[in-house]
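Biologist: I am new to reading protein models. Could you take me through one, feature by feature?

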Amino acid sequence: MTSLRLTVKTNESDPLPEIDMSTHLGLLDLKNPILTASGCAAAGRELDQFFDITTLGGIVTKSVMQNPRSGRPTPRMAETPSGMLNSIGLQGPGIDSFIEKDLAWLSERGATTVVSIAGGSVEEFARVAGKLRLAEGVSGIEVNISCPNVESRGEVFACDPVAAAEVITAVRRNTAPNIPVLAKLSPDVTDIVAVAQAVVAAGADGLSMINTTLGMVINTETMRPALAGITGGLSGPAIRPMAVRCVWQVHQAMPEVPILGMGGIRTGLDALEFILAGASAVSVGTTIFHDPTAPARIRDELTRAIAERGFETLIDAIGYAHREPDVELAPTGPAFVEFEQALDDDQADVDL
Ligand SMILES: Cc1cc2nc3c(=O)[nH]c(=O)nc-3n(C[C@H](O)[C@H](O)[C@H](O)COP(=O)(O)O)c2cc1C
C-alpha cells in the first residue's frame with residue numbers, strides 16, 4: 001500500500017463504514033476476522049441468545065477429546081489483576097457426543113465452525129481428527145497442543161518442536177486436504193518461532209496463538225494455592241502484550257503463514273493491534289465471560305478502526321506495523337500539516 005485515505009473518527013451511532021472485512025486462514029474464507037476463542041464460548045449456543053453467531057467470522061469450539069471428561073477438581077478459576085487463572089482441564093462430552101449434538105447444531109445454524117481438538121497422545125489426536133473427517137459442518141481444525149492444564153507439564157506438546165510436529169503430522173494425515181489445520185501454540189517457550197516452523201513443516205496450514213500462560217495464585221487467607229489444580233492458565237488483558245509479541249515474531253519470520261491471534265482482546269483497538277502485528281483474524285476469549293456481546297461489538301469497533309485509518313480492506317492492514325517507519329507522518333512533517341489542515345474538511349488524502 002502506498003497511500004492511505006485517512007478519515008475522521010466515526011461515532012458508534014453512525015452506520016458502519018462499508019469496507020471489505022473478509023479475510024482467510026489458508027483455505028478457510030471468513031466474512032470477517034472475529035472468531036470466538038476455544039473454551040470461552042462452548043459451542044456457541046449460549047452466545048446465540050445475545051447476538052446472531054453466524055455474523056461472526058467463526059466459532060472455535062471448546063477443545064474436545066476422544067472420551068467424556070469431567071476436568072480438574074474445583075476451585076478451578078481465580079481472579080488476577082487484569083486477567084483470570086483457570087484450570088478447567090479440558091472438561092467435555094467426548095468427540096461422539098460433540099459431533100452428534102454440538103456440531104450438528106452449529107451446522108444447522110449455519111455457523112462457520114473451527115473445531116478445537118485435544119489429546120493425551122499423538123494417537124488420540126489422530127483418532128479425534130479421524131472422526132471429524134466423516135462429520136458434516138467442519139470448516140477448520142484447531143489443534144490444541146498447548147493446554148497448560150494437563151496433569152504433567154511434560155505433556156504440553158507445544159513446548160517441544162519435535163512432539164508438536166508429530167501431533168500435527170498425525171492430524172494432517174487424518175484430515176481432508178481442503179480443511180485447514182491450525183496449530184495452537186503456547187507462549188511458555190523460549191523460541192516460539194522454532195515451534196511455529198516445526199508445525200508448519202509438519203503440515204499446519206496456520207497458527208493460533210496464544211494459549212494461556214502458566215500461572216499461580218496463593219490465597220493469603222487460607223495460605224494455600226487458590227486453585228485445586230495448584231497452577232492454571234492465565235488469560236485476559238494481562239497477557240495481551242505477550243500475545244502481540246508472539247504474533248509479531250512469527251509473522252516476521254514467516255509472513256506467508258496465516259495467524260489467528262488471541263490473548264486479552266477486549267476492544268476493536270485491541271484486535272487491531274493483532275492485525276497490525278500480522279494476524280489474519282483474531283479470537284475473543286476471556287472478555288466474553290463478563291460481556292457476552294463482546295465478539296459482535298469488537299467486530300464493529302474493528303470495522304470502524306480499520307476505516308478510520310484509511311484502509312479499504314482488512315487484508316491491507318494485516319502486518320502493517322512491520323513496514324518501515326513513515327517519516328512523512330512525523331508531527332512536524334509536511335504531510336502531517338497537510339493532514340491536520342484537511343481534517344478541518346473532515347477528510348484527508350495523504351501519501352505515505
Ligand atoms: C476458561 C477458559 C477455558 C479455555 N479452554 C480452552 C480450550 O479448551 N482449548 C484451547 O485451545 N484454549 C482454551 N482456552 C484458551 C483460550 O482459547 C485463549 O487462547 C486464551 O484464553 C487467551 O485469550 P483471552 O485472553 O482472550 O482469553 C481457555 C481459556 C479460558 C479462559
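This is a predicted model: local features need pLDDT of at least 70, side-chain atom pairs count only at pLDDT 80 or more; totals for chains, interfaces and linings use all residues.

Biologist: How many helices and strands does the chain have?

Modeller: Helices (H or I, at least four residues) and strands (E, at least two) are DSSP runs, numbered from the N terminus. Here the chain has nine helices and 18 strands.

Biologist: What share of the residues is buried?

Modeller: A residue is buried if 20 or more other C-beta atoms lie within 10 Å of its own, exposed if 12 or fewer, and partly exposed in between; C-beta atoms are placed from the backbone. Of the 352 residues in this chain, 49% are buried.

Biologist: What about contacts along the chain?

Modeller: Two residues are in contact if their C-beta atoms, placed from the backbone, lie within 7 Å. Take the contacts with a separation of 6 or more: 72% of them join residues 24 or more positions apart.

Biologist: Now the helices. How do I describe a packed pair?

Modeller: Two packed helices are described by the angle between their axes and the distance between the axes. Axes are lines fitted to C-alpha atoms, for helices over the stretch in contact, and angles run from 0 to 180 degrees between N-to-C directions. Start with helix α3 (residues 161–173) and helix α4 (residues 192–201): their axes come within 8 Å and cross at roughly 30°. That makes α3 roughly parallel to α4. Angles under 35 degrees count as roughly parallel, over 145 as roughly antiparallel, 65 to 115 as roughly perpendicular and the rest as oblique.

Biologist: Which hand does the crossing of α3 and α4 have?

Modeller: A crossing is left-handed if the near helix is turned anticlockwise from the far one by less than a right angle, and right-handed if clockwise. The crossing of α3 and α4 is right-handed. P161, A164, A165 and I168 of α3 make the contact with A194, V195, A198, V199 and A201 of α4.

Biologist: How do the residues of that contact of α3 with α4 divide by class?

Modeller: Ala, Val, Leu, Ile, Met, Phe, Trp, Tyr, Cys and Pro count as nonpolar, Asp, Glu, Lys and Arg as charged, and the others, Gly among them, as polar. The contact of α3 with α4 has nine nonpolar, no polar and no charged residues.

Biologist: How do I check a helix's length?

Modeller: The expected span is 1.5 Å times one less than the number of residues. Helix α5 (residues 240–253) has 14 residues and should span 20 Å; its end C-alpha atoms are 20 Å apart, which agrees. Its buried residues include W248 and H251. Among the elements covering the buried residues of α5 are α4 and β11 (206–209).

Biologist: And the backbone?

Modeller: Most residues other than glycine have a negative phi, and most peptide bonds are trans. A cis bond joins T74 and P75, with omega about -5°. P75 is in the loop between β5 (59–60) and β6 (77–80). Another cis bond joins M209 and I210, with omega about 15°.

Biologist: Where is the positive phi of about 65°?

Modeller: At I230, which is not a glycine. I230 sits in the loop between β14 (224–225) and β15 (231–235). I230 is partly exposed, because 13 other C-beta atoms lie within 10 Å. A42 also has a positive phi, near 45°. With 15 C-beta neighbours inside 10 Å, A42 counts as partly exposed.

Definitions and conventions
Residues are numbered from 1 along each chain as its sequence is written.
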